[in-house]
Amino acid sequence: MRSRGWGVKVGVVVVVLALVAAAAGVFVWWRDREGAAVREAARSVAEGLSRGGFGDSGAMRDSSGGPPDLEPILRGMGEATHEVTVRSVTDPDGGSARATLAHTWTLPGTDEAWTYETPLELAKADGEWAGVWSPAVVAPDLAEGEALRTTRKQPERAEVLGAGGRPIVELRDVVRIGIDKTKATPAEAVSSARVLAQAVGVNVENFVASVQKAGEQAFVEAITARVGSSQEQAAREVDAPGTFLVSARIPLAPTSTFARPILGVVGDATAEIVEKSDGRIAAGDRVGIGGVQGAYDTQLAGTPGYSVVTSGGAESRTLFSTEPEAGSPVTLTLDIATQAAAETVLEKVEPASAVVAIQPSTGRVLAAASGPGSKGISTATQGRYAPGSTFKTVSTLALLRSGVTPSTTVQCPPTTTVDGRTFKNVDGFPISALGAVPFATAFANSCNTAFIGLGEKLEPADLPTAGAGLGLTGEPALGIPAFLGSVPEPKPGTDAAASMIGQSKVLASPLGMATVAASIAAGRPVAPVLVEAGEGVKGGVSPSASPSAAATTAPKAPAEPVTAAEAGQLRSLMRGVVESGSGTFLRDVPGAPVLAKSGTAEFGEAGALKEHAWMIGIQGDLAVAVLVVEGEGGATTAGPLLEAFLRAVG
């Protein structure tokens, strides 16, 4: 009986243990199921925060039981992206659990991410787990009524330097002239806008419209003027309500016209620039536009500083910030005095015009000036014009290679006819240079008919090869869009004849012809250089700039470069132009002997022909090209400008 009683007790224990085990299994199953539900709820909250809204997912509930509205909190974060993941989740305990969320914000324009963690309370209601709303889930210690917004601080823009490290573009004093609408009634603001616009020379209707559209607290700028300028003086004399002048310092060149097509400008970022910048540039930024300022904007502008701050609370708090990094200067080869002299020479020339000066020993571009008639276009570096007889330097290299020498007797008739087209020499061509003359005489007096006749012995590839050998057709590596020249293989007949004298399809810029002169002076092909220190066009904002057009990689060497001996002969021939040809007015220019070649290129329709006036020159370690579009002959129009320039820089 005792044994039997013991067995009963054992059975009871076994049954109890079995029940306990079963209950434990149910608990573990329940805990795992609830844990999975909690983790899924936390994940849903993280996804909603990443999207910037919870929609109808039920992942997060505020005090009303519905999803909280994140839009007012996140509106100020702009294009920043937000990624949220679940770092950890506690086991559910009595209908509640806790999670830790990891946040990563990527702000446009900076590589430094904003990272942090926030706590998340989870609760079960009506059989479903969901996050318990608190603004602190979005950002650390964020309170009700507070929102996030980004701020951006641009660093001081770096200088553009010139030869010798002298600043070309640096911070200079200006005044922002406009209408402060807080200091005038709406009617007064409009009336004053008309008066002010007329005084400072801006479009009246456009400025009035801007004032009308601006908010009641706005300052509407009409113009930014240099301190001491006529615009500043005119604005200070305006006695009208709301007229206001604000002192400022902005990056500027020595004068408003100084190398402007080369340098570009610094101005407000347009919507197009902002859109194309991939977040690097924001509305309200000042950026480089065109030229060096546009091509090297990333280097000059530096890296802005970014902050995330709270708004809407008792006081603003900074939750994250990065320090702005100043840009670094771009160093150009332009010499301030030489550039200023070139611009002074051109200041009264009405048609488009240019002066380019290159240092042959280094290839440095010392001046690249475009006159006021160019209307903001860089005629100096991007003009495409028939070079006329200045191209005879290239033709002569081809002829020298064919066996012609300076003493070779050539025929210089008054006219010559090719395929029914009559070519003649320039008006006033000296009679003494006609007939059978040494080639040096034909070159000095620029005998078109002699060159056309001699061209018959050249092969089609000879002119392009000679052009390349003098650096005319290389890919310019200026760091900004530029063009040197184009010398296609001429077709037999009138095309070949016209090409010999720098017309037909032959094109050159003043930069290109200055390069030819520099190559002759140096005795080797010269590649012009403008940017001595810069990071290329990467990140540039100039709409016209492109890696190919603004390349900084040195061009390939030509297959048949001009030799020292060939260049010596060309220099002798160019000196003959000054001693006894069309450039005798240059004989008394102080300094080293001047070598030159004039050029006149006809264009337009028969009966209404016009002329481009060219002249290139060499003096010591200086090579110059001068162009006047629609001039009256190279020696008569471009020649005096070359002389004035050489005297100014000598």
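## Helix H15 and its surroundings

In helix H15, the buried residues are Leu463, Pro464, Ala466, Gly467 and Gly469. This description rests on a predicted model. After H15 comes Gly471, which has a positive phi, near 80 degrees.

## How H12 meets H15

Helix H12 covers residues 392–402 and helix H15 covers residues 462–469. Their axes lie 8 Å apart, and the two helices pack at an angle of about 115 degrees. H12 is therefore roughly perpendicular to H15. The crossing in which H12 passes H15 is right-handed.

Which residues make the contact between H12 and H15? From H12 come Val394, Ser395, Leu397, Ala398 and Arg401. From H15 come Asp462, Leu463, Thr465, Ala466 and Gly467. By type, the residues of this contact divide into 5 nonpolar, 3 polar and 2 charged. Leu463, Ala466 and Gly467 of H15 take part in the contact and are also buried.

## The nonpolar cores

In soluble globular proteins, nonpolar side chains tend to be buried together. The largest nonpolar core in this model has 87 residues. Which of them touch the most other members? They are Leu263, Leu332, Phe439 and Leu530. Helix H17, residues 510–522, gives the most to this core, with 7 residues.

With neighbours within four places in sequence left aside, Leu530 is in contact with Ile262, Thr331, Leu332, Thr333, Leu334, Val365, Leu478 and Ile480. One of these, Leu332, is itself among the residues that touch the most other members of the core.

Another core lies apart from the largest one and has 34 residues. Among them are Ala59, Tyr116, Trp129 and Leu142.

## Glu216, a loop residue

Glu216 sits in the loop between helix H4 (204–213) and strand E9 (219–226). Is Glu216 buried or exposed? Its relative accessibility is 67%, so Glu216 counts as exposed.

Which residues does Glu216 touch, not counting those up to four places away in sequence? They are Lys181 and Thr182. Glu216 and Lys181 are 35 residues apart in sequence, while their C-alpha atoms are 5.8 Å apart in space.

Technical notes: Residues numbered from 1 in each chain as written. Predicted model: local features only at pLDDT ≥ 70, side-chain atom pairs only at ≥ 80, totals over all residues. Heavy atoms only, no water. Axes fitted to C-alpha atoms, helices over the stretch in contact; angles between N-to-C directions. Helix = DSSP H or I, 4+ residues; strand = E, 2+ residues; numbered from the N terminus. Parallel < 35°, antiparallel > 145°, perpendicular 65-115°, else oblique. Left-handed = near helix turned anticlockwise from the far one by under 90°. Contact = heavy atoms within 4.5 Å. Nonpolar A, V, L, I, M, F, W, Y, C, P; charged D, E, K, R; others polar. Buried < 20%, exposed > 50% of the residue type's maximum accessible area, 1.4 Å probe, protein only. Core = buried A, V, L, I, M, F, W, Y, C linked by side-chain atoms within 4.5 Å.
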